[in-house]
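Welcome! Here is a friendly walk through a structure that may be new to you, taken one part at a time.

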There are 2 protein chains.
Amino acid sequence: MVMQQVVPENLTIQQMAQVTGLSAHTLRYYERAGLLDLVDRNQQNGYRYYNERHIKWIHFIKCLRATGMPIRDIRRYTELLYEGDHTVRDRLNLLKAHRQRVEQQLLEVKEHLEAVTRKIGYYETLD
Amino acid sequence: MVMQQVVPENLTIQQMAQVTGLSAHTLRYYERAGLLDLVDRNQQNGYRYYNERHIKWIHFIKCLRATGMPIRDIRRYTELLYEGDHTVRDRLNLLKAHRQRVEQQLLEVKEHLEAVTRKIGYYETLD
DNA sequence: CTAAACCTTAGTGCGCGCTCTAAGTCAAGC
DNA sequence: GCTTGACTTAGAGCGCGCACTAAGGTTTAG
């Protein structure tokens with residue numbers, strides 16, 4: 001039995017907002033900021049229409065944002081993406097450098113959190 | 001043999017900046033923001049003078065900041081601190097709630113970082 | 001035909017956490 | 001006495017990541 005997933009096509013910006021959890025404002029902002037090239041438009045009225053590729057791309061952008069990558073770095077990654085296959089190495093390096101920074105920061109947060117935990121422990125002895 | 005640690009007393013704001021790794025600007029800002037009550041002043045010239053208690057307190061503030069606690073929450077904590085012993089329970093709850101949020105966020109960052117790692121893995125297959 | 005509910009753009013505003021500037025005071029060294 | 005330099009204050013500026021507003025075009029329901 002093959003599960004067939006229903007894939008929404010040609011979503012309006014509001015539907016896209018629903019699906020991605022971003023606001024329509026933010027979707028337009030990301031496009032202006034160079035994070036989303038190639039958003040199709042309805043020729044009649046100029047409305048944006050998103051497809052499944054956009055959904056997946058936004059999903060990855062959210063991973064980058066959630067791990068603290070600044071908008072300008074995501075724009076850089078996007079530029080590389082649209083420059084073609086010869087930028088694969090650069091993209092790889094960019095992601096690896098990001099991962100390295102995030103892992104470093106995770107360690108630092110954990111260490112500082114331990115100090116907070118020690119303070120909590122101290123307060124609990126006062127109870 | 002008892003190790004005697006030399007404790008700096010009556011540090012100027014610049015010395016305090018050196019010791020804490022914060023800028024003098026930021027030290028003044030923290031004070032204005034209500035994170036540092038009771039900074040002694042030289043009676044003649046009004047200069048701030050910091051002591052070891054301040055150093056320890058700033059160190060803890062840095063732990064809170066490094067784990068993402070907003071300035072306003074640290075101010076709240078500071079207020080409780082100066083209200084006296086009857087706020088110990090409130091302070092404990094504040095820190096526990098913070099720890100909870102940070103741990104939750106650590107999990108989320110780790111999850112999203114895994115997606116980045118999967119992408120890295122994909123790029124590496126192209127090499 | 002009209003009202004509503006969409007969409008578009010350019011531009012402004014906001015909360016955060018600093019960071020810096022301007023104008024002035026004060027102490028020490030020459 | 002005068003310069004130098006560290007300090008003081010109030011307030012402005014900034015980079016980030018959105019969030020919102022205003023003014024206007026299009027589509028749909030009644």
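## Starting at an asparagine

Setting aside residues up to four places away in sequence, B:N51 touches B:E9, B:N10 and B:D40. The residue sits in the loop that runs between β2 and α3 (52-66) of chain B. Is B:N51 buried or exposed? With a relative accessible area of 14%, B:N51 is buried, because anything under 20% counts as buried. Please keep in mind, as you look around, that this is a predicted model.

## A tyrosine and an aspartate

Next, find B:Y47 in chain B, in the loop between β1 (40-41) and β2 (48-49). Its relative accessibility is 49%, so B:Y47 counts as partly exposed; the exposed class begins over 50%. Once neighbours within four places in sequence are left aside, the contacts of B:Y47 are B:D40, B:R41 and B:N42.

Now turn to chain A, where A:D40 belongs to strand β1 (residues 40-41). Which residues does A:D40 contact, beyond its neighbours within four places in sequence? They are A:Y47, A:R48, A:Y49, A:N51 and A:H54. A:D40 has a relative accessibility of 39% and therefore counts as partly exposed. A:D40 and A:R75 are 35 residues apart along the chain, and 19 Å separates their C-alpha atoms.

B:T20 is part of helix α1 (residues 13-20) of chain B. This threonine has a relative accessible area of 8%, so B:T20 is buried. Not counting residues up to four places away in sequence, B:T20 touches B:L27, B:I58 and B:K62. B:I58 and B:K62 are among the α3(B) residues that take part in the packing of α1(B) with α3(B).

How do these two helices lie? α1(B) and α3(B) pack at an angle of about 45 degrees, and their axes are 11 Å apart. That angle makes α1(B) oblique to α3(B). Their crossing is right-handed. From α1(B), the residues B:M16, B:V19 and B:T20 meet B:H54, B:I55, B:I58 and B:K62 of α3(B). Sorted by class, this contact has four nonpolar, two polar and one charged residues.

## Where α3 meets α4 in chain A

In chain A, helix α3 (residues 52-66) packs with helix α4 (residues 71-83) at an angle of about 140 degrees, with the axes 10 Å apart. The pair is therefore oblique, because an angle has to be over 145 degrees to count as roughly antiparallel. α3(A) passes α4(A) in a right-handed crossing.

Which residues make this contact? On the α3(A) side they are A:R53, A:W57, A:F60, A:I61, A:L64 and A:R65, and on the α4(A) side A:I71, A:I74, A:Y77, A:T78, A:L81 and A:Y82. By class, there are nine nonpolar, one polar and two charged residues in the contact of α3(A) with α4(A).

## How the two chains come together

Finally, look at both chains at once. A rotation of 180 degrees, with 0.0 Å of shift along its axis, superposes chain A on chain B with an RMSD of 0.1 Å. The two copies are thus related as by a two-fold rotation axis. Which C-alpha of chain A is nearest the axis? That of A:L106, which is 3.6 Å from it. Of the interface residues of chain A, 100% are also interface residues in chain B, so the copies meet through the same surface.

Helix α5 (residues 88-125) of chain A packs with helix α5 (residues 88-125) of chain B, at an angle of about 160 degrees and with axes 9 Å apart. α5(A) and α5(B) are therefore roughly antiparallel to each other. In this pair, α5(A) passes α5(B) in a left-handed crossing. The contact of α5(A) with α5(B) has, by class, 20 nonpolar, two polar and 14 charged residues.

Terms used: Residues numbered from 1 in each chain as written. Chains lettered and ligands numbered in written order. Predicted model: local features only at pLDDT ≥ 70, side-chain atom pairs only at ≥ 80, totals over all residues. Heavy atoms only, no water. Least-squares fit on C-alpha atoms with pLDDT ≥ 70 in both. Contact = heavy atoms within 4.5 Å. Axes fitted to C-alpha atoms, helices over the stretch in contact; angles between N-to-C directions. Helix = DSSP H or I, 4+ residues; strand = E, 2+ residues; numbered from the N terminus. Parallel < 35°, antiparallel > 145°, perpendicular 65-115°, else oblique. Left-handed = near helix turned anticlockwise from the far one by under 90°. Nonpolar A, V, L, I, M, F, W, Y, C, P; charged D, E, K, R; others polar. Buried < 20%, exposed > 50% of the residue type's maximum accessible area, 1.4 Å probe, protein only.
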